[in-house]
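Hi everyone, thanks for coming. Let's have a look at this one together, and please keep the picture in view while I talk.

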Amino acid sequence: MTLRAVLFDFSGTLFRLEEDESWFTDLADADGSPFDLEAQAEVMRRMTAPVGQIVQLEPEFQDAWENRDLDPALHRKVYLEVLRSSGVLDGQAEGLYARLIDTDFWTPYPDAAEVLRRLHEAGIKIAVISNIAFDIRPAFERIGITRYVDEFVLSYLEGVIKPDPKLFLRACERLGVAPAEALMVGDSEEADGGAALVGCRVAIVDPVSTIERPDGLLTAVADVLR
């Protein structure tokens, strides 16, 4: 069946949260020891991992973790705890969390704008489906590509998180396409791969740094753009 729509994940797919060295200039643990590069990388991984529980949590935080992408307050509560559990002090945790939810700090992959533009010009419908607890649309506005996206389907607004089939079906319905006419592009087999259960095709990209993946999206949608 001809593909008429492409559904994109956000984090690790179209954009990536990439740290600046200045974020960690004053970052130190309770003993005053600065975080080395490995520790800094681990903090970033814990802030952006798409699935899986990344630290052991006390019972009072478990519900917040499981529902973090449905409620901004729960998202803030549990990620501050994740950072504290990673050795980040309270004030520093607040600063890092503020960057996590500020779309000005999210970097687009090099081919993201081109891919969305070319799909739009080819008459392909586009939706962004994200497990997220904050508004990502300003990231698209910042680089002038909002006009290419037909629908933003965000978990905290929809009350559903991937891989729940309802989120993929909802996106397809709003785009006016059958699931078999849609390609889901994401970075998580577990979350984004759930689209296959409703009949979508799936392409998984590697959520490496933006420098390391200059044309991953172009490769993922190559068959659609032929």
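One term before we start: when I say contact, I mean heavy atoms within 4.5 Å. This is a predicted model, where local features need pLDDT of at least 70 and side-chain atom pairs count only at pLDDT 80 or more, while totals for chains, interfaces and linings use all residues. Residues are numbered from 1 along each chain as its sequence is written, and side-chain values use heavy atoms, with hydrogens and water left out.

Let's begin with aspartate 192. Find the loop between β6 (182-186) and β7 (201-204), and there it is. Helices (H or I, at least four residues) and strands (E, at least two) are DSSP runs, numbered from the N terminus. Is aspartate 192 buried or exposed? It is buried, with a relative accessible area of 1%; buried means under 20%, exposed over 50%, and partly exposed in between, using a 1.4 Å probe and protein chains only. Leaving aside neighbours within four places in sequence, aspartate 192 is in contact with several residues, including Asp9, Lys162, Phe168 and Val202. With lysine 162, its side chain makes a polar contact of 2.7 Å. A polar contact is a pair of N or O atoms within 3.5 Å; within protein, one must be able to donate a hydrogen and the other to accept it, and residues adjacent in sequence count only if both atoms are side-chain atoms.

Now to the rings. How many aromatic pairs does the structure hold? Seven. Rings of Phe, Tyr and Trp (its six-membered ring) pair if their centres lie within 6.5 Å; planes under 30 degrees apart count as stacked, over 60 as edge-to-face and the rest as tilted. Phenylalanine 15 and phenylalanine 140 make a tilted pair, 5.1 Å centre to centre with 55° between the planes. Phenylalanine 15 sits in strand β2 (residues 15-17) and phenylalanine 140 in helix α6 (residues 137-142), 125 residues apart, so this pair links distant parts of the chain. Phenylalanine 15 and phenylalanine 140 are both buried.

Phenylalanine 140 also turns up in the largest nonpolar core, which has 49 residues; Phe8, Phe140 and Val185 have the most contacts inside it. A nonpolar core is a set of buried Ala, Val, Leu, Ile, Met, Phe, Trp, Tyr and Cys residues joined through side-chain atoms within 4.5 Å. The largest share of this core, five residues, comes from α3.
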